[in-house]
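The entries follow in the order in which I looked things up.

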2 protein chains.
Amino acid sequence: MLIGELSRRTGVHERLLRYYEKQGLLWPERAPSGYRHYQESDIDTVLRIRRLLSAGLNTETIAQVLPCIRIKAGNLVPVCPETTDDLRRQRDRLTHAIEELRASRDLLDAVIAVAPLTLS
Amino acid sequence: MLIGELSRRTGVHERLLRYYEKQGLLWPERAPSGYRHYQESDIDTVLRIRRLLSAGLNTETIAQVLPCIRIKAGNLVPVCPETTDDLRRQRDRLTHAIEELRASRDLLDAVIAVAPLTLS
DNA sequence: CTTGACTCTGACACGGATGTCAGACCCTAG
DNA sequence: CTAGGGTCTGACATCCGTGTCAGAGTCAAG
């Protein structure tokens, strides 16, 4: 599919799809005309990129992660980043943040449970 | 404590402590001189802010979350003037953020789990 | 009082992710 | 062939978190 369709189906601006390519996150095939041709699977990839970006990872880190996700998808990509240490660190960082948020939410739940009594 | 000490004890640049204040994340008392005076508890608050920021939340979102975390510290803060509807909305926001982060972390976990197998 | 460390505000700069536009090329329907 | 929409590259602009600096005020030790 062309970039316009991918943009429509993912809700991600074409500008960003080109940007992600430049950052090494996407490698669509090119027609002789220069047009980008994307696979169906690129839809998932783009959504993954968006998710990881919104989780605070930068494009460089995501570029290290994505090839391994491809492997999981079944494709036998020969290359995989060397250091999972960095990934573990990112994971731990996320875990902390999740715990942080969960504690906040639990607290909020407690407040909500009590609130009707103390407010009304 | 003054801003310099808070900066030293949290490892966060003074510039950022002032910035967080401007974004409504910190509200230190002010001496007549204009000097900021922070509480011990602000250390935890700052570390929380850092963690949430590094998890991809922006200062605006964090500003909505922080007041409810204060309650946990034991203070019966008369702030939090929101109705329970607002609280529920915040809770839902938190839930959504948590799900987002958890999906990202699970993704990382999957990558980490696969990586060693394909490397050795 | 003087000195030096600390703080204040305000401004400019920067990098990363994103928005937008211009000018040129490609492609398909008529 | 033509027209109109899709695509290309490249440049400039914006937002947010952060770095850094200048100039002025504060404060405590000597």
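**Entry 1. A helix of chain B and what covers it.**
I note at the start that this is a predicted model. I began with helix H2 of chain B, residues 14-22, and asked which of its residues are buried. I found Leu17(B), Tyr20(B) and Glu21(B). Viewed down the axis of H2(B), these buried residues stay within an arc of 105 degrees, so they line one face of the helix. On the face turned away from that buried side I found the exposed residues Arg15(B) and Lys22(B).

Next I looked up what covers the buried residues of H2(B). The cover includes helix H1 (3-10), strand E1 (29-30), strand E2 (36-37) and helix H3 (41-54), which belong to chain B. I also checked what follows H2(B) and wrote down Gly24(B), which has a positive phi near 85 degrees.

I then turned to H1(B) and listed its buried residues: Ile3(B), Gly4(B), Leu6(B), Ser7(B) and Thr10(B). Down the axis of H1(B), they fall within an arc of 165 degrees, so these residues also line one face of their helix. Among the elements covering them are H2, E2 and H3 of chain B. Just after H1(B) comes Gly11(B), and its phi is positive, about 75 degrees.

**Entry 2. How H2 and H3 of chain B meet.**
I needed two values here, because a packed pair of helices is described by the angle between the axes and the distance between them. For H2(B) and H3(B), the angle is about 85 degrees and the axes are 12 Å apart. An angle of 65 to 115 degrees counts as roughly perpendicular, and H2(B) and H3(B) are therefore roughly perpendicular to each other.

Which residues make this meeting of H2(B) and H3(B)? From H2(B) I wrote down Leu16(B), Leu17(B) and Tyr20(B), and from H3(B) Val46(B), Ile49(B), Arg50(B) and Leu53(B). Sorted by class, the contact of H2(B) with H3(B) has six nonpolar residues, no polar ones and one charged.

**Entry 3. Chain A as a whole.**
I moved to chain A and counted five helices and two strands. Along the sequence, their order is α-α-β-β-α-α-α. Chain A has 120 residues, and 44% of them are buried. I then took the contacts in chain A with a separation of 6 or more and found that 48% of them join residues 24 or more positions apart.

**Entry 4. Two helix pairs in chain A.**
I looked up helix H2 (residues 14-22) and helix H3 (residues 41-54) of chain A, which pack at about 85 degrees with their axes 12 Å apart. That angle makes H2(A) roughly perpendicular to H3(A). On the H2(A) side I listed Leu16(A), Leu17(A) and Tyr20(A), which meet Val46(A), Ile49(A), Arg50(A) and Leu53(A) of H3(A). The contact of H2(A) with H3(A) divides into six nonpolar residues, no polar and one charged.

The other pair is helix H1 (residues 3-10) of chain A and H2(A), whose axes come within 9 Å and cross at roughly 105 degrees. H1(A) and H2(A) are therefore roughly perpendicular to each other. H1(A) contributes Ile3(A), Gly4(A), Leu6(A) and Ser7(A) to the contact, while H2(A) contributes Glu14(A), Leu17(A) and Arg18(A). By class, I have three nonpolar, two polar and two charged residues for the contact of H1(A) with H2(A).

**Entry 5. Two arginines of chain A.**
I looked up Arg48(A) and found it in helix H3 of chain A. Its relative accessibility is 25%, so Arg48(A) counts as partly exposed. Arg48(A) and Leu66(A) lie 18 residues apart in sequence, and their C-alpha atoms are 8.6 Å apart.

Arg93(A) sits in helix H5 (residues 84-119) of chain A. With a relative accessible area of 21%, Arg93(A) is partly exposed, because buried means under 20%. Its C-alpha atom is separated by 9.8 Å from that of Gly56(A), 37 residues away along the chain.

Which residues does Arg93(A) touch, not counting those up to four places away in sequence? I wrote down Ala55(A), Gly56(A) and Leu57(A), together with Ser54(B) and Ala55(B).

Definitions and conventions
Residues are numbered from 1 along each chain as its sequence is written. Chains are lettered from A and ligands numbered from 1 in the order in which they are written. This is a predicted model: local features need pLDDT of at least 70, side-chain atom pairs count only at pLDDT 80 or more; totals for chains, interfaces and linings use all residues. Side-chain values use heavy atoms; hydrogens and water are left out. Buried means under 20% relative accessible area, exposed over 50%, partly exposed in between (1.4 Å probe, protein chains only). Helices (H or I, at least four residues) and strands (E, at least two) are DSSP runs, numbered from the N terminus. The arc is that of the directions from the helix axis to the C-beta atoms. Contact means heavy atoms within 4.5 Å. Axes are lines fitted to C-alpha atoms, for helices over the stretch in contact, and angles run from 0 to 180 degrees between N-to-C directions. Angles under 35 degrees count as roughly parallel, over 145 as roughly antiparallel, 65 to 115 as roughly perpendicular and the rest as oblique. Ala, Val, Leu, Ile, Met, Phe, Trp, Tyr, Cys and Pro count as nonpolar, Asp, Glu, Lys and Arg as charged, and the others, Gly among them, as polar.
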